[in-house]
Amino acid sequence: MKKLLVQLDTDVQPSLFDAVVAYDGGADHVVSYGAVTPDNVAALVEGAIFTRGPKDKKNTALFVGGSHLAAGEALVQAIQQRFFGNFRVSLMLDSNGANTTAAACVAWLAKGRSLQGYKAVVLGGTGPVGQRVAVMLSQAGASVTLTGRQRDRTEQVCHAIQSRFGLMVQALAAPTLEDRGEAVRGAQVVVSTGAAGVSMLTETQWSELDELELIADANASPPLGIEGLDMMDKATLRHGALAFGPLGFGALKLALHRECIAQLFESHDQVLDAREIFERACQKLGA
Ligand SMILES: NC(=O)c1ccc[n+]([C@@H]2O[C@H](COP(=O)([O-])OP(=O)(O)OC[C@H]3O[C@@H](n4cnc5c(N)ncnc54)[C@H](OP(=O)(O)O)[C@@H]3O)[C@@H](O)[C@H]2O)c1
């Protein structure tokens with residue numbers, strides 16, 4: 001029985017990255033659909049849940065991706081509403097790599113230490129990766145502030161986190177480099193999740209922060225989001241803080257993504273989202 005991964009992408013063009021990792025994670029075949037919404041997903045779910053008998057159902061799994069996390073979350077909810085009884089298959093949400101990237105980053109930050117009570121700032125946190133970094137840092141006990149350029153959008157993202165996860169994340173509008181320099185004052189943890197190639201913080205702005213213990217950047221497209229870090233940093237000591245670059249924790253992200261795909265085919269009733277994927281990342285690292 002072939003292992004089929006059905007890639008349901010909320011963007012018009014399904015992500016090639018996700019398709020490649022799906023094969024590398026053990027799928028025998030990937031069937032990709034773009035522009036999937038709660039309104040047009042019903043027939044796709046039916047195709048997945050009604051085609052294989054109980055013992056073979058685990059060989060079909062659904063993967064939800066796309067560049068918009070809220071759209072991915074809404075799609076997951078719509079899919080789950082179509083499941084009933086034993087008529088379900090395993091399902092993973094990873095819009096723009098949000099869960100796997102955030103889980104790898106935060107697992108590294110939490111490795112060998114408790115983040116309980118730490119003051120953390122997520123710069124450019126309104127995208128998929130930043131939202132999940134804020135959730136995972138918060139679940140690890142940190143007090144989290146999330147920045148974006150527009151007050152309304154930043155507050156909206158933090159409200160969504162509160163209603164979905166019951167976590168309080170503070171919204172802070174920080175449209176300029178200067179604002180972001182102010183935002184990180186007093187922080188023990190700084191994570192930048194700004195868009196690819198956007199400079200979010202200069203080295204001068206973070207190099208003299210006395211309280212800073214951990215600093216990480218998710219952006220792998222030059223220039224880095226945080227000046228003064230190296231792509232490959234993995235617990236590298238810089239200006240008194242442990243630094244993590246995008247490729248430094250990116251290896252764990254890729255391994256985790258592949259393992260999660262493999263895990264989907266172990267049974268037909270799993271849902272892999274923030275909590276499950278973060279737990280797996282911590283187990284993998286022994287964090
Ligand atoms: N290392 C890895 O393994 C890995 C894996 C996946 C993704 N990534 C990287 O992780 C980062 C976050 O990914 P994502 O998909 O969440 O990013 P995204 O949605 O493309 O961007 C994140 C946020 O950046 C802000 N932004 C955009 N342009 C900006 C500008 N000119 N100045 C300041 N802020 C700006 C936006 O927030 P506002 O408009 O609200 O300000 C946006 O919500 C990206 O750099 C991505 O390439 C890394």
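In this predicted model, 14 residues of domain 1 are in contact with 16 residues of domain 2. On the side of domain 1 that touches domain 2, at least two residues each come from α3 (69-82), α9 and α10 (274-285). The helix that gives the most to this side is α10, with six residues. By class, this side of domain 1 comprises ten nonpolar, three polar and one charged residues. The C-alpha centres of the two domains are 27 Å apart.

The division of the protein chain is as follows.

| Domain | Residues |
|---|---|
| Domain 1 | 4-97 + 252-285 |
| Domain 2 | 101-249 |

The ligand lies between domain 1 and domain 2, because both give residues to the shell around it. This shell is formed by 25 residues, and the closest are Gly127, Gly148, Arg149, Ala218 and Asn219. Two helices, α5 (128-139) and α9 (246-264), each supply at least two residues of the shell. In terms of class, the shell holds eight nonpolar, 14 polar and three charged residues.

An open sheet of seven strands is also present, with mixed pairing and the order β7-β6-β5-β8-β9-β11-β10. At its edges are β7 (170-173) and β10 (234-238), each of which pairs on one side only. On average, neighbouring strands of this sheet are turned by 20° against each other, direction ignored. Within the sheet, β8 (residues 189-192) and β9 (residues 214-217) run parallel and are joined by four bridges. Val191 has Ala216 of β9 as its bridge partner.

Technical notes:
Residues are numbered from 1 along each chain as its sequence is written. This is a predicted model: local features need pLDDT of at least 70, side-chain atom pairs count only at pLDDT 80 or more; totals for chains, interfaces and linings use all residues. A residue is near a molecule or strand if its C-beta atom, placed from the backbone, lies within 6 Å of it. Ala, Val, Leu, Ile, Met, Phe, Trp, Tyr, Cys and Pro count as nonpolar, Asp, Glu, Lys and Arg as charged, and the others, Gly among them, as polar. Domain bounds come from an automatic or database domain assignment. Two strands pair if DSSP finds at least two bridges between them. Axes are lines fitted to C-alpha atoms, for helices over the stretch in contact, and angles run from 0 to 180 degrees between N-to-C directions. Two residues are in contact if their C-beta atoms, placed from the backbone, lie within 7 Å.
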